[in-house]
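Visitor: Please take one part of this model and go through it closely. I would like to look at the place where two of the chains meet, and then at what lies around that place.

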Amino acid sequence: MDLYVPIVVLGALAFAFAAGSVLMAAFTGPKRWNRAKLEAYECGIEPTPQPVGGGRFPIKYYLTAMLFIVFDIEIIFLYPWAVAFESMGIFALVEMALFIVTVLVAYAYIWRRGGLEWD
Amino acid sequence: MTGQEIVFTLLGVVAVGSAVMVVTTRQLVHAALWLVVSFGALAGGYLVLTAEFVAWVQVLIYVGAVVVLLLFGIMLTRAPIGPVPRSGEDDPLDSGNRWAALAVAVATAAVLITVLVMGFRDSRIRLEAGGGGAEPLGGSLFRTWVLPFEVLSVLLLAALVGAIVLSRTDIGAEDDEPGTDIPARTGGPAPDGGARVGGAKTGAGTDTGGRTGSGGSKGGGAKVDHSAEIAGAETDVKGGDGKAGAAEGSRGGADGARGREEGGG
Amino acid sequence: MSVPLAAPDPTLQSFGQDPWWLIGGKVLAIFVFLVLTVLLSMWVERRIIGRMQLRVGPNRAGPFGLLQGLADGVKLALKEDIVPRQVDKVVFVLAPVVSAVPAFVSFIIIPFGPTVSIFGHQTPLQGTDLPVAVLLVLAMASMGAYGIVLAGWSSMSPYSLLGGLRSAAQIISYEIAMGLSFVAVFLFAGTMSTTGIVNAQADRWFAVMLLPSFLVYVVTMMGESNRIPFDLPEGEGELVGGFHTEYSSLKFAMFFLAEYINLATLSALATTLFLGGWRAPAPISTVWEGANSGWWPVLWFLAKLWLFIFFFVWLRGSLPRVRYDQLMKLGWKILMPFSLGWILLVATIRGLRNEGHDMTQVAIWAAVVIGAVLLLSIAWDLVGRGRGDGGEIVPDLDGGAAPEAAGGFPVPPLDAPHYHGVAREGADVTAHKEVASGSH
């Protein structure tokens, strides 16, 4: 656990710095109230009413996140495999090749269905 | 109690506490954030148990990927964004499955506890630093647990295929026009879609052209719409869709959304 | 490899033995180093880009304008801290912090040099090291993505939300390719600790042995850092400022800081994983025995680090922004399958070598496989082009005046006034248009 002490210390220092700066900004800067200034910035026009609740996003973003999870999991298995590869020989290679090919089948299917298109 | 045990207990308390916050907060995005805290505490727990690799995987996969997926999900469905007031009977956050959810949760916990108790009984495992690194894990995974590992690839395959079948009914067969968003499914206009279509179609190969085009068809704001009008109407860039979207969008306000929908369609 | 007189190269066991004052000192040094790097790289970037664009760049604050970064920081602190009415206050304040903290933390595992003696204490020049050090960097990168997506969401403004969402999608897409580019390195090094990886490069850098991985990493590095040519999330032409549109004062500064620290971290990681970390480049280390001991390696490390930072700036000065669909296409359709194929190839070669096969034969087979894959991809490309693009693009253009599609891409009609300079003979109206469209 000693290895993690510097990480925690640096994290605490960075947090103190970042949080301190963000809080300090409220005191160092001027405060001049202006109604327009507190609106959402939309290049000078009246902000679109309820921009967030009304506007939704393409499903593609969701699909991208889904793809990301699956391939992230694949990567997570590739790492210990790569590290331990030297001691395992050809059998591990065949295992991993099978694994990658199976996932690539899904990948090819998605490609074919147009899931990777961002027109 | 050793220091390790104290930290472990504290992390457990944080994990459970934030998990309770996940299901009680009235703000969907805040719920996702509490989930991050819960997963983070869990990762800390793994770390205390010297399962380093698993701990960082927990951060990478659950915090970094699963919650992002949830956030995307919240943003692109009709889920309420912003705090939801409590409103008695027809509470939008109450799907009426409270008891079913509780039953499932208790059942899951029971299964997990049973497995753990049956698997380990009262055996004790000595924790040693470095025992949960990548190499020992890789060794045991690819020697002892080969079959589960290969089965997992099939699970991933199923997950991917399921994701695309569910999310994109609009694309698929060759003759369909790819990339059309069905409004009913995406829950209305697709702002980014509009921007991109405009960008791709009116956008020229040149930098300036590309920027005017894509900026213009963004459709939501005044400044960019202005440029779209110029790009569309005056220099006569033939970007049918983008122009339509931009022209209507340039009226600003709520019309922007409708313009975008046209642009995206 | 180690020079007889000096301490042996550090290993994972060298860590976790520092006294408290040394831990504090190292952490403080890394923190100060990062802040200084940010201030300096801002100045360097503006000066270099200025020079590339035949301008002078900032030269007023301090000698050669060196204090420009500091001046900017002070200026930002003295600006009003605007919290717009519609925002989700808690998340709005939290987002810059969430963005900045992980950026700092990743740097702790970067090795600056070998074991040195500080006040009689032998210690490696590195914050700490873990058996899974590189995983920490990846995890912190995905935490940093939260800062951006939360900033975008909590601002409750369409530009911010769109910028945040785009950015998150981009970062996660490129994280896949980035993660894959590391696999070959781990395969050769047999470890995920940065110290171990640097030690494994004593004879030859991984950039030489694993060139394709290195190239993939360099591309993903651009994608992860949200900078030109992949700075879609804050494309000012369409999204004003992207996710930080609503931020001002020091909150904005935190995003800025995080971006530049990420730049430094990505560069340092590239140095560590592919360019031999703190090891001296080949001609120096062969001629001069002591180049890899004592404090000298810090110099080599910094030189490599700044080389990468310069590379980032150079690209920013040279390349236009790519389109979002091109960005996603590059990440998902090119980098990812390419990396997977490369990993399998490298692993096969290495596995066969370990089994004691004849290497020339293996090399020949590898060449055959590469050739076959290339042929297949070309064939796929040809078939795909015949099938897809033509059908999609044509309906767009058939009503238009300009069918000259350049390589299948829609181009603006070339007879539009301002492309030919026709405006000169036209009326005033045309001249006006030219200015308007050009200035946006």
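Guide: This is a predicted model. The contact between chain C and chain A takes 67 residues from chain C and 56 residues from chain A. On chain C, the helices α1 (20–52), α3 (89–106), α5 (158–189), α10 (249–274) and α13 (324–354) each supply at least two residues of the side that touches chain A. Sorted by class, that side of chain C has 41 nonpolar, 15 polar and eleven charged residues.

Now chain C as a whole. Chain C has 17 helices and two strands. Of its 440 residues, 50% are buried. Among contacts in chain C with a separation of 6 or more, 71% are between residues 24 or more positions apart.

One loop of chain C, between α1 and α2 (68–77), holds Phe64(C). Phi of Phe64(C) is positive, near 60°, and the residue is not a glycine. Most residues other than glycine have a negative phi. Phe64(C) counts as partly exposed because it has 13 C-beta neighbours inside 10 Å, and a residue is called exposed at 12 or fewer.

An unreviewed UniProt entry lists residues 6–27, 61–82 and 88–110 of chain A under "transmembrane region". In the model, residues 6–27 of chain A are 100% helix and 0% strand, with the end C-alpha atoms 32 Å apart. Residues 61–82 of chain A are also 100% helix and 0% strand, and there the end C-alpha atoms are 31 Å apart.

Definitions and conventions: Residues are numbered from 1 along each chain as its sequence is written. Chains are lettered from A and ligands numbered from 1 in the order in which they are written. This is a predicted model: local features need pLDDT of at least 70, side-chain atom pairs count only at pLDDT 80 or more; totals for chains, interfaces and linings use all residues. Helices (H or I, at least four residues) and strands (E, at least two) are DSSP runs, numbered from the N terminus. A residue is buried if 20 or more other C-beta atoms lie within 10 Å of its own, exposed if 12 or fewer, and partly exposed in between; C-beta atoms are placed from the backbone. Two residues are in contact if their C-beta atoms, placed from the backbone, lie within 7 Å. Ala, Val, Leu, Ile, Met, Phe, Trp, Tyr, Cys and Pro count as nonpolar, Asp, Glu, Lys and Arg as charged, and the others, Gly among them, as polar. UniProt positions are given in the numbering used here, feature names are shortened, and annotations may be inferred rather than shown by experiment.
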